[in-house]
Amino acid sequence: MKIVEADVIVTCPGRNYVTLKLTTDDGIVGYGDATLNGRELAVSAYLTEHVVPLLIGRDANRINDTWQYLYRGAYWRRGPVTMTAIGAVDIALWDIQGKALGRPVYQLLGGAARDGVMIYGHASGATIDETVADAARFLEAGYLAVRVQAKIPGLDATYGIRTGSGLTYEPAVGDLPAEEVWDTAAYLDFAPRLVAATRDQLGFGFHLLHDAHHRLTPLEAGRLGKSLEPYRMFWLEDATPAEDQAAFRLIRQHTVTPLAVGEVFNSIWDCQALIGERLIDYIRTAVPHAGGITHCRRIFDYADLYGVRSGSHGPGDVSPIGIAAALHLDLSIPNFGIQEYMDHLEPASEVFTPSYHYADGLLHLTDAPGLGVAFDESAARRYPYQRRYLPVNRLRDGSMHDW
Ligand code: EZ4
Ligand code: CO
């Protein structure tokens, strides 16, 4: 089964997605998600210019060898662009393999280890009351877990606040980066009040999550984690800038609030110490950004040795193909924790038709072969690429801060 064609399709149905399409000599088509928010064309060019020529004529059955070939063969290892490109190839090859065998990818991974995949909803609002009401809406819809983010009083813009009417939060909007102002003191005064109000009004009968989005120092994170302990968080996400693995030793000394990190990671080496030293509770690598199913399976296997569970990143900037790849892995691994998920903006449904579906707080996969996501190329062409950037953060004195 040889790869005879490889195409990269960039489309913007609501937001930008990059899709890798591989075709084999027996006419099987597999899809991979190559979307890297705000840097889409870098991955597209990496694939088109440097990877596609290596794929034509390769045996599509050799998923492991292709992964190693692209990783070791580049010499320049890791990094989000390279690893997203490798991830897209890997995901497309698993899709092809499933379609060739007529089985869903999770079956190829050893079969379902659970009935469905628990996801969390993204509640937000301009005030605490609005946010709690939004969280209640998710609970009424059967969600078992909800993340809460609310506008910080005194700041014009806060990460994680949904503006549209659907379930999607999309931060990359302007054709230049939005400039936001960040104030850690205001945030640290406010976040515990938001969490306390959520528990006071909605109780303890669901999992509660919050994302600090890489903005705190280790000591500030320790203080926040400690102040949230009475509210039994499912996790505190991305407390500090994630490239500093050693920072988590300090956070761990100060709080028993469970810690999650990893949405900006792209390889097992980014979390080697975090997992091996039991400094985190959930590893949040995004399947398309961290080398695909093949590499994330290794990360989650390694994590299982240390009692660390999965919590894959799954925002609207991971396409339904990337989400499906994550779900097949989630369903099959022993140490699944939770899956991030939000609906995609409406026009995306003209381009992507996933077979996974929501019921009772879980996403369910069918026995559709491969990943089970259809991709409509002519619909994709109706939505050409638009340059978009994620926002940037500045402190009140104008210095750059982590967004
Ligand atoms: O800011 O995916 O947990 N989810 C997140 C996301 C990220 C975006 C960046 O592209 O932190 O909202
Ligand atoms: Co996050």
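Predicted model: local features only at pLDDT ≥ 70, side-chain atom pairs only at ≥ 80, totals over all residues.
Residues are numbered from 1 along each chain as its sequence is written, and chains are lettered from A and ligands numbered from 1 in the order in which they are written. Local features need pLDDT of at least 70 and side-chain atom pairs count only at pLDDT 80 or more, whereas totals for chains, interfaces and linings use all residues, and side-chain values use heavy atoms, with hydrogens and water left out.

**Cobalt site**

The cobalt ion (ligand 2) is coordinated at 1.9 to 2.2 Å by D211 (OD), E237 (OE) and E263 (OE), where donors are N, O and S atoms within 2.8 Å of the metal (3.2 Å for Na, K and Ca) and sites may look incomplete because water is not among the atoms. In sequence these donor residues follow the spacing D-x25-E-x25-E. E237 lies in strand β8 (residues 235-237) and E263 in the loop between β9 (259-261) and α9 (272-276), so the pair ties together parts that are 26 residues apart in sequence; helices (H or I, at least four residues) and strands (E, at least two) are DSSP runs, numbered from the N terminus. E237 is buried at a relative accessible area of 0%, and E263 counts as buried at 11%, since buried means under 20% relative accessible area, exposed over 50% and partly exposed in between (1.4 Å probe, protein chains only).

**Cavity and pockets**

On a 1 Å grid over the protein atoms alone, a cavity is a set of points where a 1.4 Å probe fits but cannot get out, and a pocket is an open set with protein on both sides within 12 Å along at least five of seven lines; lining residues have an atom within 4 Å of a point. Grid points are joined across faces, edges and corners, and a volume is the space filled by probe spheres set on the points. The structure holds one cavity of 30 Å³ or more.

| Space | Volume | Lining residues | Closest to the centre |
|---|---|---|---|
| Largest cavity | about 110 Å³ | 15 residues | Q149, T158, Y187, H210 and D211 |
| Largest pocket | about 1100 Å³ | 40 residues | H214, E263, V264, L390 and W403 |
| Second largest pocket | about 380 Å³ | 21 residues | I161, T163, Y169, E170 and P171 |

In the largest cavity, β5 (145-150), α6 (184-202) and β7 (207-211) each supply at least two lining residues, and α6 gives the most, with four residues. The lining of the largest cavity divides into nine nonpolar, four polar and two charged residues, with Ala, Val, Leu, Ile, Met, Phe, Trp, Tyr, Cys and Pro counted as nonpolar, Asp, Glu, Lys and Arg as charged, and the others, Gly among them, as polar. For the largest pocket the division is 19 nonpolar, 11 polar and 10 charged, and β17 (392-394) and β18 (400-401) each supply at least two residues of its lining.

**Two buried side chains**

S267, in the loop between β9 and α9, is buried at 0% relative accessible area, and its side chain reaches the backbone nitrogen of W269 at 3.0 Å. H313 is placed in the loop between β11 (309-310) and α11 (320-332) and is buried at 10%. The side chains of H313 and E340 are joined by a polar contact of 3.0 Å, that is, a pair of N or O atoms within 3.5 Å, of which, within protein, one must be able to donate a hydrogen and the other to accept it, residues adjacent in sequence counting only if both atoms are side-chain atoms.
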